[in-house]
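Okay, thanks for coming, everyone.

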Amino acid sequence: MGTPNDMATGDESLPARQLEARELGCLRGGWPIFAGVTFALSAGEALVLVGTNGSGKSSLLRLLAGYLPVAAGELLWRGVPLSKDPDLHRSRTRYLGHLDAIKAALTPREDLSFWAQLHAQSDRRVEAALAAFSLQELADRPGRMLSAGQRRRLALARLTVSPAPLWLLDEPTVGLDTASQKALVAAIARHRAAGGMLIMATHQALPGVTDAAQRLDMNRYRPLPPDPEALLL
Amino acid sequence: MKSWLALIGRDLRLAWRQRGDLFMAVSFFLLVAALFPFALGPEPNLLLRIGPGVVWVAALLALLLSLERLFALEQEDGSLDLLLLSPLPAEAIVLAKAASHWLTTGLPLVLAAPIVALIYNLPFDGYGVLLLSLLLGTASLSLFGATGAALCLGARRGGVLLPLLVLPLAVPVLIFGTAAVDAMLAGLAARPHLLLLSALLLLALPIAAFAGAAGLRQAAE
């Protein structure tokens, strides 16, 4: 944000880099969370965010999803700043946060079907998504009857209901058993094989994903501690 | 448009699955309206005089009941984040939520209003104007309400802040709504008041869309 446009246009000669972050900085409630985050992703690549609690992994994902404003640096999609067309960026992003967004009164099939309709997708994808995360048997059970792991599986299945090039996953493996982790790895592999990109925050090694990805250690991007005298004023 | 209808459809389905909540607003509306004769005495002329105003105040209070949860539930379970990444712009999300709020709360109140009119002994030929004014007015109130609910999302004590924000906005609706019924009872034309109510509804649409959308985006930060 606030960066000169000539910088952006000069980068269109690098089409391989789909998503590029340069010296990103983030503020939440006036407090600096991280500064100087730089990375670049091409189609089919994955980036794993690691770092201690509070190092800004979730904030970076929310910033990449467009929920948080870019406080410093720039974020480019094929060389064009994301802030130029936030609506377009929304349509190419899928986000999975800590919450599963499940309604107690809706069944998994109704839930997926709603998100499919919202993204103007056909109901055929719903059955495929249910199958990908072994949710067929639970498909007609109300959301309130689902266990924590089952809720997580439904939230993950939602990612596959409408295709988008960028997946932002915030600790997607929480509560998953080994079979479901494999389903997640398979879904990520399909997503990447189709040219999709993945940015994932995790504390856990996910065989097949974390070993074939770039790593970004968020502990390296701690902002400068605020000036104590400025705080007193 | 299809996505927009999908969101309304989901909300209607959720409301139907939890339909106890729907009856709550209607029962509250009827109870509040029934309280006044107990407090003020059953004198028919007095009741006829205060009837139109009581219907409107009771409807306004009943609409407020369900407003707080309009976006708060979506935010609590994480749905709001996902909705904001959908092809629907935030403006359309606010309008869809206002529409489902009106369909699940405003419309049942309008349908229950003849019972209140009966309690207050309003003449039958006034029912048409009463219902029409309520139809237009409750729609505006749902829109102003959705605006307030979106703006109060991040706030602590949003439940207290919300009426403080919405009630002043509701005053013009209240004035022209009761004026329409009063005019009709006095044998005057209700049409100018109904037109003003329609104008308020048209004014509420962009206010809700833009202010509400700003509230939602702010809440996602």
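Let's start in chain B: where in α3(B) does a kink of about 45° lie? It sits at G51(B), shortly before the proline P52(B). Keep in mind that what you're looking at is a predicted model.

So what does that helix look like end to end? Helix α3 of chain B covers residues 44-67, which makes 24 residues. At 1.5 Å a residue you'd expect a span of 34 Å, and the end C-alpha atoms are 34 Å apart, so the two agree.

Staying with chain B, let's go to the core. The largest nonpolar core has 134 residues. V55(B), A59(B), V94(B) and L216(B) are the ones with the most contacts inside that core. The element that gives the most to it is helix α6 of chain B, residues 90-119, with 14 residues. As background, nonpolar side chains in soluble globular proteins tend to be buried together. If you click on A59(B), leaving out anything up to four places away in sequence, you'll find it touching F29(B), L109(B), L134(B) and T138(B).

One more stop in chain B, and that's V129(B), which belongs to helix α7, residues 127-151. Is V129(B) buried or exposed? It's buried: the cut-off is 20 or more other C-beta atoms within 10 Å, and V129(B) has 21. Again skipping neighbours up to four places away in sequence, V129(B) touches A180(B), V181(B), M184(B) and A190(B). P114(B) is 15 residues from V129(B) along the chain, and their C-alpha atoms are separated by 11 Å.

Now over to chain A. There we have eight helices and nine strands. Out of its 233 residues, 40% count as buried. If you take the contacts in chain A with a separation of 6 or more, 74% come from residues 24 or more positions apart.

The sheet I'd point you to is an open one of four strands, in the order β2-β1-β4-β5 of chain A, with antiparallel pairing. β2 and β5 of chain A are the edge strands, each pairing on one side only. Strand β1 (residues 17-28) and strand β2 (residues 31-42) of chain A pair over eight bridges, and one you can pick out is L19(A) with its partner L41(A). Their hairpin has two residues between the strands, and G29(A) there takes a positive phi near 60°. At the other end of the order, β4 (residues 72-77) and β5 of chain A pair over two bridges, with P81(A) as the bridge partner of L76(A).

Last topic: where the chains meet. How many residues does each chain put into the contact? It's 22 residues from chain A and 20 residues from chain B. On the chain A side, α3 (86-91), β6 (93-96) and α4 (108-118) are the elements giving two or more residues. That side divides into twelve nonpolar, five polar and five charged residues.

Ten of its eleven residues are buried, so the helix is largely enclosed by the rest of the structure. Among the buried ones are R109(A), D111(A), F114(A) and W115(A). What do they pack against? α5 (124-132) and α6 (148-161) of chain A, together with α1 (2-17) of chain B. And just after α4(A), A120(A) takes a positive phi of about 55°.

That's my tour, thanks.

Terms used
Residues are numbered from 1 along each chain as its sequence is written. Chains are lettered from A and ligands numbered from 1 in the order in which they are written. This is a predicted model: local features need pLDDT of at least 70, side-chain atom pairs count only at pLDDT 80 or more; totals for chains, interfaces and linings use all residues. Two residues are in contact if their C-beta atoms, placed from the backbone, lie within 7 Å. Ala, Val, Leu, Ile, Met, Phe, Trp, Tyr, Cys and Pro count as nonpolar, Asp, Glu, Lys and Arg as charged, and the others, Gly among them, as polar. A nonpolar core is a set of buried Ala, Val, Leu, Ile, Met, Phe, Trp, Tyr and Cys residues joined through C-beta atoms within 7 Å. A residue is buried if 20 or more other C-beta atoms lie within 10 Å of its own, exposed if 12 or fewer, and partly exposed in between; C-beta atoms are placed from the backbone. Two strands pair if DSSP finds at least two bridges between them. The expected span of a helix is 1.5 Å times one less than its number of residues. The bend at a residue is the angle between axes fitted to the seven residues ending there and the seven starting there.
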